[in-house]
Amino acid sequence: IPLVVVVPAAGVGKRMKANCPKQYLKINQKSILEHTVSRLSSHPMIKKIIIALSHEDEYFSETRLSENSKVMVVDGGKERVDSVLAGLAVIDPHEFPWVLVHDAARPCLTLNDLNHLIEACLSNDKGGILASPVRDTMKQGCNGVIEQTIDRENLWHALTPQMYPTLQLKAAIERALSAQAIITDEASAIEFTGEVSQLISSSSENIKITQPDDLALAEFILNKQSK
Ligand code: C5P
């Protein structure tokens with residue numbers, strides 16, 4: 001079955017403290033967004049990639065992404081979830097019954113992880129997300145002091161891609177938004193509706209570029225992967 005990916009890329013990347021949004025910072029002469037999209041684009045099942053951009057975006061036209069026939073651009077929104085919804089709005093669920101959402105800022109996704117996620121979702125007919133088990137001891141704090149230790153046995157970092165039936169995800173986000181639930185990823189909207197998400201273990205290479213230090217790490221990982 002053909003798959004579509006929504007790539008929210010309308011953020012400004014405040015924490016990165018760079019002079020352009022982080023998805024346009026370059027690693028080996030190619031922007032992070034281009035690295036991310038070319039990974040996704042190389043997967044044979046992925047037929048369409050919808051990139052949500054800020055309407056003030058000045059950098060996309062400097063990339064060569066519009067030459068990629070799988071790529072389509074939509075106007076993003078105020079929050080990540082608004083950008084995702086803008087992408088979902090242009091998907092025909094008959095053409096694409098399943099959708100993936102993948103952060104522009106995760107260029108190091110491996111095809112292996114992508115395949116695991118797609119396989120788990122399609123074979124179990126249930127949505128799911130790439131996630132990595134928490135490694136450190138987890139503390140709950142309050143006013144700068146420890147309140148308690150949280151059992152890390154069942155704690156995961158939520159990564160992307162996150163993959164769901166197109167209609168299920170759209171309905172869940174709309175319901176969660178209208179109830180003003182906190183939605184920081186697709187799975188949180190699904191949780192709000194009480195539906196199931198599978199946790200698919202991801203390699204630790206699938207980092208999100210958030211802070212300045214992450215850029216050098218991403219470069220290291222991308223160089224290692226291309227060997
Ligand atoms: O800021 P953060 O790293 O959590 O953003 C995750 C992804 O969501 C990034 O790729 C960013 O560009 C995107 N985003 C968006 N629209 C917003 C805010 C963030 O598409 N309004």
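Predicted model: local features only at pLDDT ≥ 70, side-chain atom pairs only at ≥ 80, totals over all residues.
## Basis of the description

Local features are given only where pLDDT is at least 70 and side-chain atom pairs count only at pLDDT 80 or more, whereas totals for chains, interfaces and linings use all residues. Residues are numbered from 1 along each chain as its sequence is written.

## Ligand shell

The ligand is surrounded by 17 residues, a residue being near a molecule if its C-beta atom, placed from the backbone, lies within 6 Å of it; the closest are Pro-8, Ala-10, Gly-11, Ser-83 and Ala-104. At least two residues of this shell come from each of strand 1 (3-9) and helix 2 (80-89), where helices (H or I, at least four residues) and strands (E, at least two) are DSSP runs numbered from the N terminus.

## Ile-209

Ile-209, in the loop between strand 11 (198-201) and helix 6 (212-225), is buried because 25 other C-beta atoms lie within 10 Å, the criterion being 20 or more such atoms, placed from the backbone. Although 186 residues separate Ile-209 from Gln-23 in sequence, their C-alpha atoms are 8.5 Å apart.

Beyond its neighbours within four places in sequence, Ile-209 is in contact with residues including Lys-22, Ile-32 and Ala-105, contact meaning C-beta atoms, placed from the backbone, within 7 Å.

## Helix 2 against helix 4

The axes of helix 2 and helix 4 (residues 166-178) come within 11 Å and cross at roughly 140°, with axes fitted to C-alpha atoms over the stretch in contact and angles running from 0 to 180 degrees between N-to-C directions. Val-81, Val-84, Leu-85 and Leu-88 of helix 2 make the contact with Thr-166, Leu-169, Lys-170, Ile-173 and Leu-177 of helix 4.

Conventions. Buried ≥ 20, exposed ≤ 12 C-beta atoms within 10 Å, placed from the backbone. Contact = placed C-beta atoms within 7 Å.
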